[in-house]
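I opened my notebook for a friendly look through this structure. Here is what I looked up, entry by entry.

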Amino acid sequence: MLEAPGPSDGCELSNPSASRVSCAGQMLEVQPGLYFGGAAAVAEPDHLREAGITAVLTVDSEEPSFKAGPGVEDLWRLFVPALDKPETDLLSHLDRCVAFIGQARAEGRAVLVHWEEMVAAKTKRKWESRRARWLTPVIPALWEAGGSQGLFFSHAGVSRSVAIITAFLMKTDQLPFEKAYEKLQILKPEAKMNEGFEWQLKLYQAMGYEVDTSSAIYKQYRLQKVTEKYPELQNLPQELFAVDPTTVSQGLKDEVLYKCRKCRRSLFRSSSILDHREGSGPIAFAHKRMTPSSMLTTGRQAQCTSYFIEPVQWMESALLGVMDGQLLCPKCSAKLGSFNWYGEQCSCGRWITPAFQIHKNRVDEMKILPVLGSQTGKI
């Protein structure tokens, strides 16, 4: 591990053939060209220039300001607004952050990833007055590739920086979350992230190291985030709702359309179904039964009797302002199922949160087949 002497006014460089060290703080080589490093480099243009930094990626609550100086005008910058809290949606920004670092590397630039030392960006007086509120430690990182380097810093805490670096290792080295995270923690035990970011990186892995907004994984994640963000459930974002199939005349090849069994009104498409792993069957309902749980077997697999789907546009008026309720056909008002933002239990025993449940015996499947190019045929 390479170490600088701590906060100071100057910079020290290690052996050029090994790696460059920024200013204040510790420098830790994660892999050739990838480092944790100090934050003082951001405060002074000279620090950026001496370290060869030509790109800055900031994930923070506020965008940093840079003093004028040689090289600053040519600095690559990307700002992603995000708080260092478990409930923060970092997943939606991972592709952009990883791509920024990857492009910098392809251009012969390098990246320094770190947590922000407030003294580097604020006056000492402000730092002393706020020290008690900044309880998380400060991590840095520098990634060198060729002659120039890029900088990534997280102003408030370690979680965002570690999460971005871990995502980058996962993507570029095709590592599972645990291996990439362990790689950082072996080198720097303080390199920790909050449980919310851990969960999001596991979802990132499940999607193949790419944020697929059309996947059931991401749709379920987005629903959970919306529930956290809009506890009053008013003014829900329109992107949360799938398009009402009655407003679209054609569907995707081999897609299935689901219609109300009573009036034949189109309700949702197969792409809106959020699949889930089967639960533990009858034993999952032991708390509701008089039968002792010891007499229930886990070997019996219960069939899922409902579809759990993403919200569709025709549901919007029923969902606003309430936590749970019935889902009725928008044409004939036949009962189709129910919804609960806190979640419901599937007949297989699995809890789904939030839950938008359509009973299978209330709808019919209609397969859509392409006919004559843009036309569709239904069977």
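**Entry 1: ground rules.** I took contact to mean heavy atoms within 4.5 Å. With that, among contacts in the protein between residues at least 6 apart in sequence, I found that 63% join residues at least 24 apart. This is a predicted model, where local features need pLDDT of at least 70 and side-chain atom pairs count only at pLDDT 80 or more, while totals for chains, interfaces and linings use all residues. Residues are numbered from 1 along each chain as its sequence is written, and side-chain values use heavy atoms, with hydrogens and water left out.

**Entry 2: overview.** I read off ten helices and 18 strands. Both are DSSP runs numbered from the N terminus, helices being H or I with at least four residues and strands E with at least two. Of the 379 residues, 50% count as buried, meaning under 20% relative accessible area with a 1.4 Å probe and protein chains only (exposed is over 50%, partly exposed in between).

**Entry 3: H8 and H9.** How do the axes of H8 and H9 cross? Helix H8 (residues 195–206) and helix H9 (residues 216–229) have axes that come within 10 Å and cross at roughly 160°. Axes here are lines fitted to C-alpha atoms, for helices over the stretch in contact, and angles run from 0 to 180 degrees between N-to-C directions. H8 and H9 are therefore roughly antiparallel; the cut-offs are under 35 degrees for roughly parallel, over 145 for roughly antiparallel, 65 to 115 for roughly perpendicular, and oblique for the rest. H8 passes H9 in a left-handed crossing, that is, the near helix is turned anticlockwise from the far one by less than a right angle, clockwise being right-handed. From H8 the contact uses Trp199, Gln200, Leu203 and Ala206, and from H9 Ile217, Tyr221, Gln224 and Lys225. By class I noted five nonpolar, two polar and one charged residues. Nonpolar covers Ala, Val, Leu, Ile, Met, Phe, Trp, Tyr, Cys and Pro, charged covers Asp, Glu, Lys and Arg, and the others, Gly among them, are polar.

**Entry 4: Arg222.** Is Arg222 buried or exposed? Arg222 is found in helix H9, and it counts as buried because its relative accessibility is 18%. Leaving out residues up to four places away in sequence, Arg222 touches Glu239, Leu240 and Glu310.

**Entry 5: H3 and H6.** I then turned to helix H3 (residues 94–106) and helix H6 (residues 158–173), whose axes come within 10 Å and cross at roughly 70°. That makes H3 roughly perpendicular to H6. Their crossing is right-handed. Among the residues in contact are Cys97, Ile101 and Arg105 of H3 and Ile164, Phe168 and Lys171 of H6.

**Entry 6: a sheet.** Four strands form an open sheet in the order E11-E16-E13-E12, with antiparallel pairing; two strands pair if DSSP finds at least two bridges between them. Strands E11 (306–308) and E12 (324–328) stand at the edges, each with a single partner strand, so one side of each has no neighbour in the sheet. The twist averages 25° from one strand to the next. Five bridges join E12 to strand E13 (residues 335–340). Leu328 stands opposite Lys335, and Leu327 opposite Gly337. The hairpin of E12 and E13 has six residues between the strands, and there Ser333 takes a positive phi near 65°.
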